[in-house]
Amino acid sequence: LSELRQVLNSNYEHAYAFIKERMPRIRMFEMEATYLAWIDVRDLNLDNPVAHFEENGVGLSEGAYFGSPGYVRLNLGCPREMLDCALERMEKAYNKVAG
């Protein structure tokens, strides 16, 4: 359990830094007792954020299902290589709309 917590915390910190540095128009919130990152993409003005990111190869959970349209959730409970792949695909999708 201790090792799992270390991996999740490390993945969170890695994803947070990546998003803050390379996708400044979106915001990732502090992790609260789960392995899911809560990400605000409202500034991208996307009609369907999940579909936009899926078109670019990354599957995210729809925030509207949890009462927060314009937000998405990213699973951090994965190997770092998989997380990096997802983040790079998110950045590609981000760049298509953020310029």
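The legends below describe close-up views of a predicted model. Local features need pLDDT of at least 70 and side-chain atom pairs count only at pLDDT 80 or more, while totals for chains, interfaces and linings use all residues. Residues are numbered from 1 along each chain as its sequence is written, and side-chain values use heavy atoms, with hydrogens and water left out.

**View 1. Helix 1 against helix 3.** Helix 1 covers residues 2-22 and helix 3 covers residues 80-98. Helices (H or I, at least four residues) and strands (E, at least two) are DSSP runs, numbered from the N terminus. The two helix axes come within 11 Å and cross at roughly 20 degrees. That makes helix 1 roughly parallel to helix 3. Axes are lines fitted to C-alpha atoms, for helices over the stretch in contact, and angles run from 0 to 180 degrees between N-to-C directions. Angles under 35 degrees count as roughly parallel, over 145 as roughly antiparallel, 65 to 115 as roughly perpendicular and the rest as oblique. The crossing of helix 1 with helix 3 is right-handed; a crossing has this hand if the near helix is turned clockwise from the far one by less than a right angle, and is left-handed if anticlockwise. From helix 1, Ser-10, Asn-11, His-14, Ala-15, Phe-18, Ile-19 and Arg-22 make the contact. From helix 3, the contact is made by Arg-80, Leu-83, Asp-84, Leu-87, Glu-88, Glu-91 and Tyr-94. Contact means heavy atoms within 4.5 Å. The residues of this contact divide into 6 nonpolar, 3 polar and 5 charged. In this grouping Ala, Val, Leu, Ile, Met, Phe, Trp, Tyr, Cys and Pro count as nonpolar, Asp, Glu, Lys and Arg as charged, and the others, Gly among them, as polar.

View 2. Asn-11 is buried, with a relative accessible area of 2%. Buried means under 20% relative accessible area, exposed over 50%, and partly exposed in between (1.4 Å probe, protein chains only). A polar atom of the Asn-11 side chain lies 2.9 Å from the backbone oxygen of Cys-78. The side chains of Asn-11 and Arg-80 are joined by a polar contact of 3.0 Å. A polar contact is a pair of N or O atoms within 3.5 Å; within protein, one must be able to donate a hydrogen and the other to accept it, and residues adjacent in sequence count only if both atoms are side-chain atoms. Leaving aside neighbours within four places in sequence, Asn-11 is in contact with Leu-76, Cys-78, Arg-80 and Leu-83.

**View 3. Leu-83 and Glu-91 of helix 3.** Leu-83 is buried, at a relative accessible area of 0%. Not counting residues up to four places away in sequence, Leu-83 touches Asn-11, His-14, Ala-15, Leu-74, Leu-76 and Cys-78. Glu-91 is also buried, with a relative accessible area of 15%. The side chains of Glu-91 and Arg-22 make a polar contact of 2.8 Å. Apart from neighbours within four places in sequence, the contacts of Glu-91 are Phe-18, Arg-22 and Met-23.

**View 4. Val-58 in the loop between helix 2 and strand 3 (61-62).** Val-58 is buried, with a relative accessible area of 4%. Leaving aside neighbours within four places in sequence, Val-58 is in contact with Phe-53, Ala-86, Arg-89 and Met-90. Val-58 and Ala-93 are 35 residues apart along the chain, and their C-alpha atoms are separated by 9.0 Å.

**View 5. Gly-77 in the loop between strand 4 (71-75) and helix 3.** Gly-77 counts as partly exposed, at 45% relative accessibility. Beyond neighbours within four places in sequence, Gly-77 is in contact with Leu-8 and Tyr-35.

**View 6. Arg-27 in strand 1 (residues 27-28).** Arg-27 is partly exposed, at 47% relative accessibility. Not counting residues up to four places away in sequence, Arg-27 touches Trp-38, Ile-39 and Asp-40. Arg-27 and Asp-47 are 20 residues apart in sequence and 18 Å apart in space, C-alpha to C-alpha.

**View 7. Asn-45 in the loop between strand 2 (36-40) and helix 2 (49-55).** Asn-45 is exposed, with a relative accessible area of 65%. Its phi is near 55 degrees, a positive value in a residue other than glycine.
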